Amino acid sequence: MPERIVMEVDLDYFYAQCEEVRNPALKDKPVVVCIYSGRGGDSGAVTTANYVARRYGVRSGLPIFRAKQLLRGADAVFLKADLDYYDEVSRRIMNILRRYADKFEEVSVDEAYLDITERVKGDYEAAKQLALKIKSEIKQAENLTCSIGIGPNKVVAKIAADHQKPNGLTVIKPHEAAEFIAKMNVDKLPGVGAKTKSILESIGVKTIGELAKQDPQKLTSIFGIKLGNYLYNAANARDDEPVKERLEPTQFSRIATLKQDIQSVKEAEGYVEDLCRDLYSKVSSQGYAFKSVGVICVTDNLSTYSRSETYEHLLDSYDDLKTAATALLSRLLEEEKIKVRRVGVRVSDLVRKLGQKTLYEYITSKAE
Ligand code: DCP
Ligand code: MG
Ligand code: MG
(Lines give C-alpha, C1' and ligand atoms only; values in the text may rest on other atoms or scores of the structure.)
(Ligands and ions follow the chains in the order given, each with its own letter.)
Protein backbone atom coordinates (compact mmCIF):
# COMPACT_ATOMS: atom_id res chain seq x y z
CA MET A 1 0.00 0.00 0.00
CA PRO A 2 1.64 3.32 -1.00
CA GLU A 3 1.56 6.20 1.47
CA ARG A 4 -1.55 8.28 1.24
CA ILE A 5 -1.67 11.33 -1.04
CA VAL A 6 -4.42 13.88 -0.52
CA MET A 7 -5.30 16.86 -2.68
CA GLU A 8 -7.35 19.88 -1.66
CA VAL A 9 -8.93 22.05 -4.31
CA ASP A 10 -10.30 25.49 -3.42
CA LEU A 11 -11.74 27.82 -6.05
CA ASP A 12 -10.33 31.34 -6.05
CA TYR A 13 -12.55 34.23 -4.83
CA PHE A 14 -15.38 31.98 -5.81
CA TYR A 15 -18.59 34.08 -5.86
CA ALA A 16 -16.76 37.07 -7.32
CA GLN A 17 -14.99 34.97 -9.92
CA CYS A 18 -18.34 33.50 -10.99
CA GLU A 19 -19.53 37.08 -11.53
CA GLU A 20 -16.46 37.88 -13.61
CA VAL A 21 -17.10 34.82 -15.77
CA ARG A 22 -20.54 35.97 -16.80
CA ASN A 23 -19.47 39.58 -17.11
CA PRO A 24 -15.81 39.79 -18.18
CA ALA A 25 -15.97 43.60 -18.15
CA LEU A 26 -15.73 43.38 -14.34
CA LYS A 27 -12.37 41.74 -14.39
CA ASP A 28 -10.09 44.71 -13.76
CA LYS A 29 -12.38 46.45 -11.28
CA PRO A 30 -12.82 45.76 -7.59
CA VAL A 31 -15.79 43.39 -7.35
CA VAL A 32 -17.60 42.88 -4.06
CA VAL A 33 -20.37 40.31 -3.64
CA CYS A 34 -22.81 41.16 -0.87
CA ILE A 35 -25.64 39.68 1.11
CA TYR A 36 -28.10 42.31 2.26
CA SER A 37 -29.57 41.82 5.69
CA GLY A 38 -33.05 42.92 4.71
CA ARG A 39 -32.91 45.85 7.11
CA GLY A 40 -32.60 48.31 4.27
CA GLY A 41 -29.89 50.48 2.73
CA ASP A 42 -26.39 49.09 2.85
CA SER A 43 -27.09 46.92 5.85
CA GLY A 44 -25.43 43.59 5.19
CA ALA A 45 -22.09 41.92 4.72
CA VAL A 46 -19.49 41.08 2.12
CA THR A 47 -19.46 37.39 1.13
CA THR A 48 -16.25 37.72 -0.83
CA ALA A 49 -14.36 40.09 -3.10
CA ASN A 50 -12.04 39.65 -6.05
CA TYR A 51 -8.31 40.14 -5.57
CA VAL A 52 -8.44 43.70 -6.92
CA ALA A 53 -10.84 44.66 -4.11
CA ARG A 54 -8.78 42.75 -1.56
CA ARG A 55 -5.89 45.10 -2.21
CA TYR A 56 -8.05 47.78 -0.59
CA GLY A 57 -8.56 45.61 2.46
CA VAL A 58 -11.99 44.25 1.57
CA ARG A 59 -12.64 40.82 3.13
CA SER A 60 -15.43 38.29 3.69
CA GLY A 61 -17.65 39.31 6.56
CA LEU A 62 -16.96 43.04 6.39
CA PRO A 63 -20.04 45.28 6.67
CA ILE A 64 -20.98 46.62 3.25
CA PHE A 65 -20.66 50.24 4.34
CA ARG A 66 -17.07 49.57 5.44
CA ALA A 67 -16.25 48.03 2.07
CA LYS A 68 -17.76 51.11 0.39
CA GLN A 69 -15.56 53.38 2.50
CA LEU A 70 -12.46 51.40 1.65
CA LEU A 71 -13.29 51.47 -2.05
CA ARG A 72 -14.38 55.09 -2.30
CA GLY A 73 -13.38 56.48 -5.69
CA ALA A 74 -12.08 53.12 -6.90
CA ASP A 75 -14.79 52.45 -9.49
CA ALA A 76 -15.84 49.35 -7.56
CA VAL A 77 -18.79 47.12 -8.44
CA PHE A 78 -21.06 45.91 -5.63
CA LEU A 79 -23.28 42.95 -6.52
CA LYS A 80 -26.01 41.09 -4.70
CA ALA A 81 -25.07 37.44 -4.22
CA ASP A 82 -26.77 35.08 -6.68
CA LEU A 83 -26.49 31.86 -4.73
CA ASP A 84 -28.40 29.69 -7.18
CA TYR A 85 -25.96 30.56 -9.92
CA TYR A 86 -22.87 29.87 -7.76
CA ASP A 87 -24.43 26.60 -6.69
CA GLU A 88 -24.91 25.52 -10.29
CA VAL A 89 -21.31 26.33 -11.17
CA SER A 90 -20.18 24.52 -8.03
CA ARG A 91 -22.18 21.37 -8.94
CA ARG A 92 -20.59 21.22 -12.37
CA ILE A 93 -17.08 21.67 -11.00
CA MET A 94 -17.61 19.08 -8.27
CA ASN A 95 -18.66 16.64 -10.99
CA ILE A 96 -15.39 17.26 -12.79
CA LEU A 97 -13.33 16.86 -9.61
CA ARG A 98 -15.07 13.67 -8.55
CA ARG A 99 -13.83 11.93 -11.70
CA TYR A 100 -10.21 12.50 -10.66
CA ALA A 101 -10.45 10.99 -7.19
CA ASP A 102 -10.31 7.52 -5.67
CA LYS A 103 -12.35 9.01 -2.86
CA PHE A 104 -14.01 12.39 -3.02
CA GLU A 105 -15.28 14.71 -0.26
CA GLU A 106 -17.02 17.97 -0.97
CA VAL A 107 -16.49 20.27 2.01
CA SER A 108 -18.06 23.51 0.90
CA VAL A 109 -19.42 25.19 -2.17
CA ASP A 110 -15.91 25.82 -3.51
CA GLU A 111 -13.75 23.25 -1.79
CA ALA A 112 -13.12 19.51 -1.93
CA TYR A 113 -10.68 16.84 -0.82
CA LEU A 114 -9.54 14.15 -3.24
CA ASP A 115 -7.77 11.01 -2.12
CA ILE A 116 -5.61 10.23 -5.14
CA THR A 117 -3.25 7.66 -3.61
CA GLU A 118 -4.02 4.76 -5.93
CA ARG A 119 -4.55 6.85 -9.00
CA VAL A 120 -1.02 8.25 -8.80
CA LYS A 121 0.44 5.12 -7.18
CA GLY A 122 1.78 7.18 -4.30
CA ASP A 123 3.95 9.31 -6.61
CA TYR A 124 4.14 13.04 -5.93
CA GLU A 125 5.26 13.99 -9.44
CA ALA A 126 2.24 12.18 -10.88
CA ALA A 127 0.08 13.95 -8.29
CA LYS A 128 1.38 17.31 -9.48
CA GLN A 129 0.65 16.44 -13.10
CA LEU A 130 -2.86 15.41 -12.11
CA ALA A 131 -3.36 18.76 -10.38
CA LEU A 132 -2.26 20.62 -13.51
CA LYS A 133 -4.72 18.59 -15.55
CA ILE A 134 -7.53 19.38 -13.12
CA LYS A 135 -6.71 23.08 -13.22
CA SER A 136 -6.73 23.13 -16.97
CA GLU A 137 -10.00 21.22 -17.22
CA ILE A 138 -11.75 23.60 -14.79
CA LYS A 139 -10.35 26.56 -16.69
CA GLN A 140 -11.53 25.18 -19.98
CA ALA A 141 -14.96 24.07 -18.82
CA GLU A 142 -15.88 27.03 -16.59
CA ASN A 143 -13.15 29.62 -17.15
CA LEU A 144 -12.38 29.58 -13.42
CA THR A 145 -9.09 29.31 -11.56
CA CYS A 146 -8.51 27.35 -8.39
CA SER A 147 -5.70 26.71 -5.95
CA ILE A 148 -4.57 23.20 -5.18
CA GLY A 149 -2.60 21.75 -2.31
CA ILE A 150 -1.12 18.26 -2.24
CA GLY A 151 0.21 16.50 0.82
CA PRO A 152 0.25 13.34 2.92
CA ASN A 153 -3.05 14.13 4.65
CA LYS A 154 -6.00 16.54 4.73
CA VAL A 155 -4.46 19.04 7.14
CA VAL A 156 -1.31 19.49 5.09
CA ALA A 157 -3.21 19.50 1.78
CA LYS A 158 -5.50 22.27 3.01
CA ILE A 159 -2.71 24.43 4.35
CA ALA A 160 -0.86 23.89 1.06
CA ALA A 161 -3.91 24.95 -0.97
CA ASP A 162 -4.21 28.16 1.08
CA HIS A 163 -0.48 28.81 0.82
CA GLN A 164 -0.45 30.19 -2.71
CA LYS A 165 -3.52 31.94 -4.02
CA PRO A 166 -4.98 32.67 -6.52
CA ASN A 167 -4.18 30.04 -9.14
CA GLY A 168 -1.64 28.29 -6.91
CA LEU A 169 -0.27 24.80 -6.79
CA THR A 170 1.71 23.70 -3.74
CA VAL A 171 3.08 20.20 -3.35
CA ILE A 172 4.35 19.15 0.07
CA LYS A 173 6.01 15.78 0.44
CA PRO A 174 5.75 13.85 3.71
CA HIS A 175 9.30 14.65 4.89
CA GLU A 176 8.79 18.38 4.20
CA ALA A 177 5.42 18.70 5.87
CA ALA A 178 6.31 19.47 9.51
CA GLU A 179 8.85 22.08 8.52
CA PHE A 180 6.54 23.63 5.95
CA ILE A 181 3.88 24.41 8.56
CA ALA A 182 6.14 25.08 11.56
CA LYS A 183 6.64 28.81 10.99
CA MET A 184 2.97 29.53 10.35
CA ASN A 185 0.65 30.97 12.97
CA VAL A 186 -1.53 28.41 14.74
CA ASP A 187 -4.71 29.69 13.10
CA LYS A 188 -3.50 28.33 9.77
CA LEU A 189 -4.41 24.90 11.14
CA PRO A 190 -7.90 23.97 9.97
CA GLY A 191 -10.30 24.22 12.89
CA VAL A 192 -8.27 26.72 14.90
CA GLY A 193 -10.38 29.84 15.30
CA ALA A 194 -10.02 32.96 17.40
CA LYS A 195 -10.89 31.19 20.65
CA THR A 196 -8.39 28.34 20.40
CA LYS A 197 -5.80 30.77 19.12
CA SER A 198 -6.13 33.05 22.13
CA ILE A 199 -5.96 30.15 24.60
CA LEU A 200 -2.80 28.97 22.87
CA GLU A 201 -1.38 32.47 23.01
CA SER A 202 -2.03 32.56 26.73
CA ILE A 203 0.31 29.56 27.15
CA GLY A 204 2.91 31.20 24.96
CA VAL A 205 2.16 29.31 21.73
CA LYS A 206 1.99 31.39 18.58
CA THR A 207 3.29 29.21 15.79
CA ILE A 208 2.48 25.70 14.69
CA GLY A 209 6.08 24.73 15.40
CA GLU A 210 5.72 25.86 19.02
CA LEU A 211 2.47 23.92 19.28
CA ALA A 212 4.18 20.81 17.91
CA LYS A 213 6.63 20.89 20.81
CA GLN A 214 4.02 21.09 23.56
CA ASP A 215 3.40 18.21 25.92
CA PRO A 216 0.39 16.41 24.40
CA GLN A 217 -1.02 15.73 27.86
CA LYS A 218 -0.98 19.40 28.65
CA LEU A 219 -2.93 20.07 25.45
CA THR A 220 -5.58 17.44 26.20
CA SER A 221 -5.96 18.79 29.72
CA ILE A 222 -6.66 22.25 28.32
CA PHE A 223 -8.68 21.37 25.23
CA GLY A 224 -10.10 17.93 26.00
CA ILE A 225 -9.01 14.66 24.44
CA LYS A 226 -10.37 15.21 20.98
CA LEU A 227 -9.23 18.75 20.22
CA GLY A 228 -6.05 18.37 22.28
CA ASN A 229 -4.94 15.30 20.31
CA TYR A 230 -5.94 16.88 17.04
CA LEU A 231 -3.89 20.00 17.76
CA TYR A 232 -0.85 18.05 18.79
CA ASN A 233 -0.94 15.70 15.80
CA ALA A 234 -1.90 18.33 13.24
CA ALA A 235 0.91 20.62 14.41
CA ASN A 236 3.27 17.71 13.79
CA ALA A 237 1.76 17.34 10.30
CA ARG A 238 0.04 14.10 11.29
CA ASP A 239 -3.61 13.52 10.47
CA ASP A 240 -5.38 10.20 9.91
CA GLU A 241 -8.72 11.68 8.98
CA PRO A 242 -9.87 9.82 5.85
CA VAL A 243 -11.31 11.54 2.80
CA LYS A 244 -14.95 10.67 3.28
CA GLU A 245 -17.21 9.96 0.36
CA ARG A 246 -20.23 11.97 1.29
CA LEU A 247 -23.54 11.78 -0.42
CA GLU A 248 -26.05 14.57 -0.16
CA PRO A 249 -28.64 13.68 2.45
CA THR A 250 -32.00 12.72 0.97
CA GLN A 251 -34.08 13.26 4.07
CA PHE A 252 -34.06 14.34 7.70
CA SER A 253 -36.33 13.00 10.43
CA ARG A 254 -37.04 13.16 14.13
CA ILE A 255 -39.00 10.71 16.25
CA ALA A 256 -40.21 10.85 19.86
CA THR A 257 -41.62 8.36 22.34
CA LEU A 258 -44.75 9.72 24.02
CA LYS A 259 -45.28 9.71 27.76
CA GLN A 260 -48.72 8.18 27.17
CA ASP A 261 -50.28 6.62 24.10
CA ILE A 262 -52.38 9.08 22.18
CA GLN A 263 -55.31 8.79 19.79
CA SER A 264 -55.97 12.34 18.67
CA VAL A 265 -53.92 15.04 17.07
CA LYS A 266 -54.81 17.38 19.94
CA GLU A 267 -53.03 15.15 22.44
CA ALA A 268 -49.96 15.03 20.19
CA GLU A 269 -49.76 18.78 19.63
CA GLY A 270 -46.89 19.53 22.02
CA TYR A 271 -44.82 16.63 20.69
CA VAL A 272 -45.42 17.62 17.09
CA GLU A 273 -44.33 21.16 17.84
CA ASP A 274 -41.12 20.01 19.52
CA LEU A 275 -40.32 17.56 16.74
CA CYS A 276 -40.96 20.15 14.04
CA ARG A 277 -38.92 22.81 15.78
CA ASP A 278 -35.99 20.47 16.25
CA LEU A 279 -36.26 19.09 12.72
CA TYR A 280 -36.67 22.48 11.11
CA SER A 281 -33.66 23.83 12.91
CA LYS A 282 -31.58 20.86 11.68
CA VAL A 283 -32.76 21.14 8.07
CA SER A 284 -32.34 24.88 7.84
CA SER A 285 -28.94 24.88 9.51
CA GLN A 286 -27.81 22.43 6.84
CA GLY A 287 -29.05 24.86 4.19
CA TYR A 288 -32.03 22.90 2.88
CA ALA A 289 -35.64 23.63 2.11
CA PHE A 290 -37.97 20.72 1.28
CA LYS A 291 -40.98 19.73 -0.75
CA SER A 292 -42.19 16.59 1.00
CA VAL A 293 -43.29 16.05 4.57
CA GLY A 294 -44.15 12.73 6.20
CA VAL A 295 -45.36 11.53 9.58
CA ILE A 296 -44.80 8.11 11.09
CA CYS A 297 -46.74 6.55 13.95
CA VAL A 298 -45.68 3.47 15.86
CA THR A 299 -48.21 1.61 18.01
CA ASP A 300 -47.47 -0.36 21.18
CA ASN A 301 -47.24 -3.62 19.19
CA LEU A 302 -44.67 -1.87 16.96
CA SER A 303 -46.82 -1.66 13.84
CA THR A 304 -45.92 1.42 11.87
CA TYR A 305 -48.19 3.69 9.87
CA SER A 306 -47.19 6.62 7.77
CA ARG A 307 -48.56 9.36 5.58
CA SER A 308 -46.70 11.78 3.39
CA GLU A 309 -47.38 14.53 0.97
CA THR A 310 -45.36 16.29 -1.71
CA TYR A 311 -46.16 19.93 -2.27
CA GLU A 312 -45.90 22.02 -5.42
CA HIS A 313 -43.99 24.77 -3.65
CA LEU A 314 -40.92 24.75 -1.45
CA LEU A 315 -41.49 24.65 2.28
CA ASP A 316 -38.93 26.41 4.41
CA SER A 317 -40.29 27.57 7.69
CA TYR A 318 -41.18 26.02 11.02
CA ASP A 319 -44.81 27.03 10.50
CA ASP A 320 -44.95 25.33 7.09
CA LEU A 321 -43.58 22.16 8.60
CA LYS A 322 -45.86 22.17 11.64
CA THR A 323 -48.98 22.83 9.56
CA ALA A 324 -48.14 20.04 7.12
CA ALA A 325 -47.21 17.53 9.83
CA THR A 326 -50.32 18.29 11.86
CA ALA A 327 -52.60 17.83 8.87
CA LEU A 328 -50.97 14.52 7.95
CA LEU A 329 -51.11 13.23 11.51
CA SER A 330 -54.72 14.22 11.82
CA ARG A 331 -55.58 12.36 8.63
CA LEU A 332 -53.65 9.28 9.72
CA LEU A 333 -55.28 9.10 13.13
CA GLU A 334 -58.77 9.56 11.72
CA GLU A 335 -58.27 6.86 9.13
CA GLU A 336 -56.44 4.28 11.24
CA LYS A 337 -58.00 4.74 14.69
CA ILE A 338 -54.84 3.54 16.46
CA LYS A 339 -53.18 4.16 19.79
CA VAL A 340 -49.84 5.73 19.12
CA ARG A 341 -46.72 5.25 21.21
CA ARG A 342 -44.13 6.96 19.04
CA VAL A 343 -44.51 9.81 16.55
CA GLY A 344 -42.01 10.87 13.91
CA VAL A 345 -41.77 13.66 11.36
CA ARG A 346 -39.72 13.47 8.19
CA VAL A 347 -38.84 15.91 5.43
CA SER A 348 -37.53 14.90 2.01
CA ASP A 349 -37.19 16.15 -1.58
CA LEU A 350 -34.55 18.47 -0.21
CA VAL A 351 -33.47 21.55 -2.08
CA ARG A 352 -30.20 23.27 -1.20
CA LYS A 353 -31.06 26.79 -0.28
CA LEU A 354 -29.39 29.12 2.15
CA GLY A 355 -31.99 31.63 3.27
CA GLN A 356 -30.91 35.28 3.18
CA LYS A 357 -31.01 35.66 6.87
CA THR A 358 -29.32 32.40 7.72
CA LEU A 359 -26.52 33.12 5.34
CA TYR A 360 -26.20 36.69 6.50
CA GLU A 361 -25.92 35.49 10.06
CA TYR A 362 -23.42 32.88 8.98
CA ILE A 363 -21.20 35.44 7.30
CA THR A 364 -21.29 37.99 10.08
CA SER A 365 -20.73 35.35 12.74
CA LYS A 366 -17.54 34.34 10.95
CA ALA A 367 -16.31 37.90 10.76
CA GLU A 368 -15.72 38.10 14.55
N1 DCP B 1 -18.30 32.93 1.82
C2 DCP B 1 -19.28 33.62 2.50
N3 DCP B 1 -19.02 34.14 3.74
C4 DCP B 1 -17.80 33.98 4.31
C5 DCP B 1 -16.79 33.28 3.63
C6 DCP B 1 -17.07 32.78 2.38
O7 DCP B 1 -20.39 33.75 1.98
N8 DCP B 1 -17.56 34.51 5.52
C9 DCP B 1 -18.59 32.42 0.47
C10 DCP B 1 -18.08 33.35 -0.60
C11 DCP B 1 -16.85 32.70 -1.14
C12 DCP B 1 -17.12 31.22 -0.91
O13 DCP B 1 -17.95 31.17 0.25
O14 DCP B 1 -16.63 33.02 -2.51
C15 DCP B 1 -15.87 30.40 -0.72
O16 DCP B 1 -15.15 30.82 0.42
P17 DCP B 1 -13.59 30.86 0.49
O18 DCP B 1 -13.22 30.96 1.92
O19 DCP B 1 -12.99 29.72 -0.29
O20 DCP B 1 -13.19 32.25 -0.17
P21 DCP B 1 -13.08 32.66 -1.69
O22 DCP B 1 -13.22 31.50 -2.61
O23 DCP B 1 -14.01 33.78 -1.95
O24 DCP B 1 -11.62 33.27 -1.77
P25 DCP B 1 -10.22 32.49 -1.81
O26 DCP B 1 -9.63 32.86 -3.14
O27 DCP B 1 -9.45 33.02 -0.67
O28 DCP B 1 -10.52 31.03 -1.70
MG1 MG C 1 -12.14 29.75 -2.30
MG1 MG D 1 -13.28 27.64 0.30
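**Close-up 1. Sequence spacing of the donors around the magnesium ion (ligand 3).** In this predicted model, the donor residues of the magnesium ion (ligand 3) follow the spacing D-x99-D-E along the sequence. The protein donors are Asp10 (OD), Asp110 (OD) and Glu111 (OE). They lie 2.2 to 2.4 Å from the ion.

**Close-up 2. Asp10 between two magnesium ions.** Asp10 bridges the magnesium ion (ligand 3) and the magnesium ion (ligand 2). The two ions are 3.5 Å apart. Distant parts of the chain are linked here: Asp10 sits in strand E1 (residues 6-11), Glu111 in strand E6 (residues 111-115). The separation between Asp10 and Glu111 is 101 residues.

**Close-up 3. Burial of Asp10 and Glu111.** Asp10 has a relative accessible area of 8% and is buried. Glu111 counts as buried because its relative accessibility, 13%, falls under the 20% cut-off. Both residues are among the donors of the magnesium ion (ligand 3).

**Close-up 4. The second largest pocket.** This pocket holds about 320 Å³ of space. Strand E5 (103-108) and helix H6 (154-163) each supply at least two residues of its lining. Among the lining residues are Glu105, Val107, Lys154 and Val155.

**Close-up 5. Residue classes in the lining of the second largest pocket.** The lining divides into five nonpolar, one polar and six charged residues. Lining residues include Asp239, Glu241, Lys244 and Arg246. Tyr113, Pro190, Gly191 and Tyr230 also line the pocket.

Key
Residues numbered from 1 in each chain as written. Chains lettered and ligands numbered in written order. Predicted model: local features only at pLDDT ≥ 70, side-chain atom pairs only at ≥ 80, totals over all residues. Heavy atoms only, no water. Donors = N, O, S within 2.8 Å, 3.2 Å for Na, K, Ca; no water. Helix = DSSP H or I, 4+ residues; strand = E, 2+ residues; numbered from the N terminus. Buried < 20%, exposed > 50% of the residue type's maximum accessible area, 1.4 Å probe, protein only. 1 Å grid on protein atoms, 1.4 Å probe; cavity = no way out; pocket = protein on both sides within 12 Å on 5 of 7 lines; lining within 4 Å. Points joined across faces, edges and corners; volume = space filled by probe spheres on them. Nonpolar A, V, L, I, M, F, W, Y, C, P; charged D, E, K, R; others polar.
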